[in-house]
Amino acid sequence: MASVAMVAALVPAARAQQAGVSDGAGAAHPDLWPQREGRIALDIAMEKRIDALLATMSLEQKVGQIIQGDIASTTPDDVRRYHLGSVLNGGNSDPGGRYNAPAKDWLALADAFYEASMAPSGNLPRIPIMWGSDAVHGHNNVVGATLFPHNIGLGAARDPELLRSIGAVTAKEMRVTGLDWTFAPTLAIVRDDRWGRTYEGFGEAPEIAASYAAPLIEGLQGKIGDKDWLRGPHIIATAKHFLGDGGTYGGKDQGDTRISEAGLINTFSAPYIPALNAGVQSVMVSFSSWNGTKMHGNQSLLTGVMKQRWGFDGFLVGDWNGHAQVSGCTATDCVQAAKAGLDMYMAPDSWKALWQSTLAHARDGSLPMARLDDAVRRILRVKLRAGLFEAGKPSSRPFGGQFDLLGSAEHRAVARQAVRESLVLLKNAGQLLPLKPMSNVLMAGDGADNLTKQTGGWTLSWQGTGTKPADFPHAQSIWSGIAEQVKAAGGSATLSADGSFTKKPDVAIVVFGEDPYAEFQGDRPDVGFDDARSLALLRRLKGAGVPTVAVFLSGRAMWVNPFLNAADAFVAAWLPGSEGGGIADVLFGKADFRGTLPYSWPRSSDQTAVNVGDKDYNPLFPYGFGLKYGQPGDLAPLPEARATVAAADPGVLYAAGRPGAGRQLLLGAPGALSTNPGPELIDARPADHHAQEDSVRLHWTGAGPAMAAIAGDAPVNLTRESNGGLAVELEFRVDAAPTADVNLLMQCSGDKCAGGFPVGGMFKAVQAGQWSRLAIPLHCFEKAGVDMSKVTVPIALSTSGAMTVTLSSARIVSPVGPVLTCN
């Protein structure tokens with residue numbers, strides 16, 4: 001093993017900044033924005049009650065009200081000790097750390113948090129806690145809940161009253177598990193389909209979201225003035241993400257919306273006034289920037305527009321550590337966001353240190369008391385309006401514990417209607433559809449009997465991955481729905497994922513599409529869909545003379561010309577949720593196609609930002625397109641040449657929460673590595689750095705030698721990079737120092753083709769919990785015996801002791817700061 005001399009190579013990692021845009025460039029002029037008259041009369045008695053509460057609350061209690069922790073890092077005792085006003089469950093946070101925790105565990109934890117918030121504390125007033133959750137297509141974090149189509153499909157339905165029903169079902173199912181606040185609806189107007197959150201938007205033009213905002217919010221919250229507004233079967237809703245999230249440049253999540261103020265008003269603000277008029281009680285601030293200024297610090301929009309110009313008297317809640325991205329801020333210290341108008345920090349894992357720093361700011365006056373009291377007043381106002389002070393523990397409230405309501409027949413009927421209305425027919429050559437159910441039907445494709453793929457992201461886990469059929473006890477796959485109708489009519493249905501058959505079928509239905517993803521990890525370099533296996537399947541069926549229906553599952557409109565050519569009929573089914581039978585209803589003619597495109601369909605794979613009204617607008621299928629039965633549905637052959645794919649950066653070994661292209665993270669004992677070896681020796685879990693789950697926390701148990709390695713699919717030649725002075729650079733945090741030697745390794749194909757360096761001393765020297773960088777030139781590995789022409793594992797960490805390290809990124813780069821030198 002070669003030795004390495006350390007030359008100040010371990011330096012604090014700089015916080016990511018957006019370069020090239022000066023602070024303050026995104027300043028709004030509120031008097032240019034449309035005016036709005038408030039719809040909720042101020043309740044004088046309620047305001048006096050708030051005055052009395054503020055007068056008796058401690059400073060610690062006030063600060064606690066504006067801090068929100070995640071249930072993965074917050075206990076009921078924390079709520080009691082720090083007077084926290086709310087908690088949330090992030091996409092991968094669940095009771096007991098189980099993604100499929102039963103509904104009763106959610107309710108029990110809700111009771112525990114409530115009881116902690118109401119526990120006596122001297123003479124301080126008791127203030128009930130709220131629990132917020134991303135229920136974005138139903139109560140999608142809980143096993144057995146009804147799962148609706150994602151917003152992209154609902155946008156295709158063009159049915160505002162359907163949205164009212166969906167809101168009502170979602171609210172009631174959340175009440176069953178004791179939750180009282182949803183981070184929905186998303187009112188993003190999506191302008192670049194590369195964005196991984198495209199399916200969370202109702203469409204590319206503001207008209208759909210503007211027509212949906214009020215009925216959906218009234219379904220969730222009830223109507224202003226009604227006795228059950230925010231109570232009984234209703235919950236608190238959130239309009240998000242304010243503002244311009246869907247305009248992020250290049251489709252980059254948490255990026256910059258570069259647009260004039262008039263454009264920001266006309267394109268992105270339209271849904272918010274109907275949302276406010278419907279009485280929405282919370283508004284979530286966007287991660288993104290407007291012309292370089294982060295929304296979490298944009299006083300002109302948060303205070304000037306939302307609160308003053310529009311008269312919003314609810315509260316503004318942040319997004320997942322979004323305050324940390326404001327200039328001059330960190331996740332644990334950001335008075336700037338509160339001064340800009342943020343009322344509640346979403347500080348999932350940073351809440352305790354943020355509570356301490358915010359308390360210090362309140363004590364020294366850098367957080368003005370008037371601003372703190374205003375934020376607390378707004379939160380208390382919503383809690384009083386929702387009746388939380390008198391409601392009792394969640395299990396005692398209306399619908400609490402009525403678990404038979406989760407996925408009930410009545411609720412699933414609403415979801416099935418939503419599926420029927422969301423489907424868009426793009427091609428129907430020879431009027432193949434509707435099908436006759438008394439046929440011999442072949443079902444094929446990897447999405448035919450795949451509830452994970454059918455439900456998409458934000459389903460039981462953040463990215464919607466890692467689920468199994470048993471996690472969907474009330475759901476019906478597309479295959480099951482079709483088989484049910486075919487068999488009931490006397491036909492026959494066969495499931496064959498690869499499309500093989502012994503008897504030629506009358507028709508084949510092939511279900512395929514995107515695998516699940518969510519924000520950040522769902523960003524793409526273009527909108528071309530590539531799936532060689534599914535395309536070959538369609539072509540093979542076509543060659544065999546089998547009429548074929550393609551059912552395409554996706555979270556965005558995509559270039560699919562080869563698939564359109566290979567299928568006789570083509571249906572954009574989006575991400576339909578739990579009710580696959582809704583697709584069968586339409587394919588077999590129980591209902592006609594109703595859906596029309598909420599997003600323009602691209603003509604080429606690089607046509608990533610094509611929106612109705614654009615200059616030179618030229619999509620393959622325009623916004624609003626959608627065939628019905630009886631209309632001509634033939635389509636001339638389309639060109640199949642794909643635009644050049646944006647190449648993945650070969651220097652990225654690990655970033656954005658996942659290995660680089662063509663690589664995978666392997667764990668286990670040296671010589672016996674796998675993607676999921678079990679936790680006996682080493683465990684990997686998502687972690688946060690610059691964004692939610694953009695890192696991985698690696699824990700070595702110490703039970704034996706174990707390794708974490710980033711391995712490639714095939715050997716790569718790094719000779720040029722080594723000769724060019726490039727280095728492997730890690731951005732990491734040591735959470736628990738190693739108890740034994742640690743080696744940083746590189747491996748290559750062939751016997752005894754490996755080399756590396758001991759780094760345990762460096763890891764022990766780093767301040768625990770501090771992000772740091774470590775750079776080692778590639779030529780050092782070459783000197784240590786690695787054949788740089790055939791590198792298979794560009795980076796690996798190995799130890800026989802216990803250790804916990806969080807890795808944010810690993811890259812092959814030209815180092816710009818101090819590096820290690822090798823002897």
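**Close-up 1. Q254 in the loop between β7 and β8.** In this predicted model, Q254 is found in the loop that runs between β7 (238-242) and β8 (256-257). Its phi is positive, about 65°, although Q254 is not a glycine. Q254 has a relative accessible area of 12%, and because buried means under 20%, Q254 counts as buried.

**Close-up 2. Q431 in the loop between β14 and β15.** Q431 is a residue other than glycine with a positive phi, near 55°. The loop that holds Q431 lies between β14 and β15. Relative accessibility of Q431 is 35%; buried means under 20% and exposed over 50%, so Q431 is classed as partly exposed.

**Close-up 3. The cis peptide bond between L433 and P434.** L433 and P434 are joined by a peptide bond in the cis form, with omega about 5°. P434 is placed in the loop between β14 (424-428) and β15 (440-444).

**Close-up 4. The cis peptide bond between A184 and P185.** Omega is about 10° for the bond that joins A184 to P185, and this peptide bond is cis. The place of P185 is in a loop, with β6 (181-182) on one side and α7 (206-221) on the other.

Terms used. Residues are numbered from 1 along each chain as its sequence is written. This is a predicted model: local features need pLDDT of at least 70, side-chain atom pairs count only at pLDDT 80 or more; totals for chains, interfaces and linings use all residues. Side-chain values use heavy atoms; hydrogens and water are left out. Helices (H or I, at least four residues) and strands (E, at least two) are DSSP runs, numbered from the N terminus. Buried means under 20% relative accessible area, exposed over 50%, partly exposed in between (1.4 Å probe, protein chains only).
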